[in-house]
Every structure is written in structure tokens, then in C-alpha cells.
Amino acid sequence: LELEESHDNLKFQNELLITLKKQLPLNKLLEDCAKIFKNFLKCSAVGIRLIDSEGDIPYESHLGFPE
């Protein structure tokens, strides 16, 4: 079981690094990362928040949350 988990972790890391290496607009990059996290964690919703210059932390990308 540990070997399978290690393989899944490496697959997740590899997919995330490949995505981060792409030269995409930030909103598309974060959307793709949110999809990877949601798939890997097998959760119903995921959100990525970034702190802005005013100290606010808005959602920059989200999947699975109700409107």
C-alpha cells in the first residue's frame, strides 16, 4: 500500500510541476492547478486564494462550490 501511495504522490507532483511550468495566464494556471488538487484529493470542492496588496485573500480559482 505504501508503494502505491508513493506512486500516486509522485504522479500528483509531476502533474502539478508540468502544469506550473506552462506559460499560461495566472487565472488559467490556477484553474488547472485547482483541477489537479480536486482530482488528487478526491474532494467535492477546492479553492485557491491568494493574498493581494491590500491584505485581502479572495478566491482566485474554485471548483465544486455552489454559486
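1. Contacts of Val46. In this predicted model, Val46 is in contact with Ala34, Phe37, Lys38, Ser61, His62, Leu63 and Phe65, when its neighbours within four places in sequence are left aside.

2. In soluble globular proteins, nonpolar side chains tend to be buried together.

3. Which residues of H1 are buried? They include Phe12, Leu16 and Thr19. Viewed down the axis of H1, the buried residues fall within an arc of 65 degrees, and therefore they line one face of the helix. An α-helix has 3.6 residues a turn, so residues three or four places apart point the same way. The buried residues of H1 pack against H2. On the other side of H1, the exposed residues are Glu2, Leu3, His7, Leu10, Lys11, Leu17 and Lys21.

4. Thr19, a buried residue of H1. Thr19 is found in helix H1. Is Thr19 buried or exposed? Its relative accessible area is 7%, which is under the 20% limit, so Thr19 counts as buried. The side chain of Thr19 reaches the backbone oxygen of Glu15 at a distance of 3.0 Å. Not counting residues up to four places away in sequence, Thr19 touches Leu29, Asp32, Cys33 and Ile36.

5. The salt bridge of Asp32 and Lys28. How many salt bridges does the structure hold? There are two. In one of them, Asp32 pairs with Lys28, and the closest N and O atoms are 2.8 Å apart. Asp32 and Lys28 are four residues apart in helix H2, and therefore about one helical turn separates them. Asp32 counts as buried because its relative accessibility is 14%, whereas Lys28, with a relative accessible area of 34%, is partly exposed. Asp32 is also one of the residues touched by Thr19.

6. The salt bridge of Lys35 and Glu31. The side chains of Lys35 and Glu31 also meet in a salt bridge, at 3.4 Å from N to O. Lys35 and Glu31 both lie in helix H2, four residues apart, or about one turn of the helix. Lys35 is partly exposed at 41% relative accessibility, and Glu31 is partly exposed at 31%. Side chains of opposite charge can pair when their charged atoms come close.

7. Asp8 and Asp52. Asp8 has its place in helix H1. With 35% relative accessibility, Asp8 counts as partly exposed. How far apart in space are Asp8 and Asp52? Their C-alpha atoms are 33 Å apart, and the two residues are 44 residues apart in sequence.

Key
Residues are numbered from 1 along each chain as its sequence is written. This is a predicted model: local features need pLDDT of at least 70, side-chain atom pairs count only at pLDDT 80 or more; totals for chains, interfaces and linings use all residues. Side-chain values use heavy atoms; hydrogens and water are left out. Contact means heavy atoms within 4.5 Å. Helices (H or I, at least four residues) and strands (E, at least two) are DSSP runs, numbered from the N terminus. Buried means under 20% relative accessible area, exposed over 50%, partly exposed in between (1.4 Å probe, protein chains only). A polar contact is a pair of N or O atoms within 3.5 Å; within protein, one must be able to donate a hydrogen and the other to accept it, and residues adjacent in sequence count only if both atoms are side-chain atoms. The arc is that of the directions from the helix axis to the C-beta atoms. A salt bridge is a side-chain nitrogen of Lys or Arg within 4 Å of a carboxyl oxygen of Asp or Glu.
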